[in-house]
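User: I would like to go through this model and ask what each label rests on. Please give the cut-off whenever a term comes up.

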Amino acid sequence: MTVTPHAVHRLDEVDRLAIPEGSLPDGLVSLLDTANTAAAERAAARLRAVLGDTVVAALGRPCEAPALGGSDEGIGRLPGRPEFERWLVAEPRLIAGPGTGANADMELRDDGGKLPGDRFGNRLEPDSDTFQMDIHRVRRALDEGVTLGIRQFDRWSPRLAALMDDVVAVSGADVFTKLFISAGTTSVTGWHSDRQDVIALMLWGTKRFQLGDWDTPEGGPASRILLDEVLKPGNCLLFPEGHPHQAVPLGDDSGLLSVALLRHHNWISRDQVPAHLGVAGFPPNEGTYRRLLRSRLPLAAASVRLTDRTQLRTRIPGGIEPLGSTPDGQVVFAAAGGVFAADPDTVELLASVHASFPIGLGRAARSGEPQAATDRCRSLIETGLVITVP
């Protein structure tokens, strides 16, 4: 295999490589282990600075994350209604009709269920159940109490994408988000339970969130309310899979982000392979599953100008797993759903960024070789493992 200096290679046929066991350079394994631990700790600190001050402590440990408390420190303003409105009109959006599942960006519901898409948009084709949104009709529906649901909105918002990568780093779970926009006073989902742990994060406005006892039937009502809180911007609730709950809008304009935490066992219990992570069968264990998790952050521009002050962050929320090294000294490692090979100094730079995100290139690089560090960093960016952040 021909290797160019500082290049990072994605390897598609790993079994064809001779990777002797225990062949990693001294100290590199512990460095990568430290980087993964530090990344999770730093992500937890960032979450504590952003997510709110309401935690379902009475329910035990609702998810595999530290308790999230209030803080005066933050990582930037969370998205609000103006950003959502700009996203909504930036390009044509599709609305799902009843029964179309996740084939469209959004759906609208009232307390009777999903509403026909033709009330809010124009049919794309004569036999289509998907409609192109009419912004005026959607705004009018929201004013009349209809709730709008947006799937995977975090992929469109850089601030939310970074936050979701932190959630993945702490929890070891894939995340699926849905943004609920409401202005009425009626819950459109009623009492229900989810088949995975959930974080409910209030972005703007207010919403009343209730948790019932475990015997609450689907559709309710709950015989006993275990928790009854009004969520305000930045507040969140963490609650375990299967716990009955309902969210009730309070008449103001509100945006609630529901974050489903999908772990290895959730896919097994559903008898559903997480094919979107690039696998044809169940990952054999939690560790392998974590390495498959994909970043929500967009790729960096290939032509980005790098200086000592450039801030870097990895796109590998699931961490790095060293596998061995090739006969020519390249380190082979798994991350972000792929297997890669790079020289030890490049892997060390990647580990430094992963442990400290965001970090300036000048701090992440070794002293005395700025051009070599820049070349290594550019190669990591081109491979999609590292991005630059404002």
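**Labels and their criteria**

User: Which residues line the largest cavity?

Analyst: The lining of the largest cavity consists of Asp165, Asp166, Ala169, Arg313, Thr314, Ile316, Pro317, His354 and Phe357. This is a predicted model, in which local features need pLDDT of at least 70, side-chain atom pairs count only at pLDDT 80 or more, and totals for chains, interfaces and linings use all residues. Residues are numbered from 1 along each chain as its sequence is written, and side-chain values use heavy atoms, with hydrogens and water left out.

User: What makes a space a cavity, and what makes it a pocket?

Analyst: Both are sets of points on a 1 Å grid over the protein atoms alone. In a cavity a 1.4 Å probe fits but cannot get out, whereas a pocket is an open set with protein on both sides within 12 Å along at least five of seven lines. A residue counts as lining if it has an atom within 4 Å of a point.

User: How many cavities of 30 Å³ or more are there, and what is the volume of the largest cavity?

Analyst: The search of the whole structure gives three such cavities, and the largest cavity has a volume of about 60 Å³. A volume is the space filled by probe spheres set on the grid points, which are joined across faces, edges and corners. Helix α4 (158-171) and strand β15 (311-314) each supply at least two lining residues, with α4 giving the largest share, three residues. Elements are DSSP runs numbered from the N terminus: H or I of at least four residues for helices, E of at least two for strands.

User: How does the lining of the largest cavity divide by class?

Analyst: It has four nonpolar, two polar and three charged residues. The classes are nonpolar (Ala, Val, Leu, Ile, Met, Phe, Trp, Tyr, Cys and Pro), charged (Asp, Glu, Lys and Arg) and polar (the others, Gly among them).

User: What is the volume of the largest pocket, and which residues lie nearest its centre?

Analyst: The largest pocket has a volume of about 630 Å³. Its lining has 30 residues, and Lys178, Phe180, His192, Asp194 and Ser258 lie nearest the centre. β8 gives the most to this lining, with five residues. By class, the lining of the largest pocket has twelve nonpolar, eleven polar and seven charged residues.

User: Why are α7 and α9 called roughly perpendicular?

Analyst: The axes of α7 (residues 344-356) and α9 (residues 370-383) come within 10 Å and cross at roughly 70 degrees. Axes are lines fitted to C-alpha atoms, for helices over the stretch in contact, and angles run from 0 to 180 degrees between N-to-C directions. Under 35 degrees counts as roughly parallel, over 145 as roughly antiparallel, 65 to 115 as roughly perpendicular and the rest as oblique. The two helices are therefore roughly perpendicular to each other.

User: Which residues make the contact between α7 and α9?

Analyst: Asp345, Thr346, Leu349 and Leu350 of α7 meet Ala373, Arg376, Cys377 and Leu380 of α9, where contact means heavy atoms within 4.5 Å. These residues divide into five nonpolar, one polar and two charged.

User: Why are β19 and β20 edge strands?

Analyst: Three strands form an open antiparallel sheet in the order β19-β15-β20. β19 (359-360) and β20 (386-389) each have a single partner strand, so one side of each is left without a neighbour in the sheet. Two strands pair if DSSP finds at least two bridges between them; β15 and β20 have four, in the antiparallel sense. Leucine 312 stands opposite threonine 388 in β20. α7 packs on this sheet, touching β15, β19 and β20, with its direction at about 90 degrees to that of β15.

User: What makes the peptide bond between glycine 220 and proline 221 stand out?

Analyst: This bond is cis, with omega of about 0 degrees. Proline 221 is found in the loop between β10 and β11 (225-231). As for phi, aspartate 271 has a positive value of about 55 degrees although it is not a glycine; this residue lies in the loop between α5 (264-270) and α6 (286-292).
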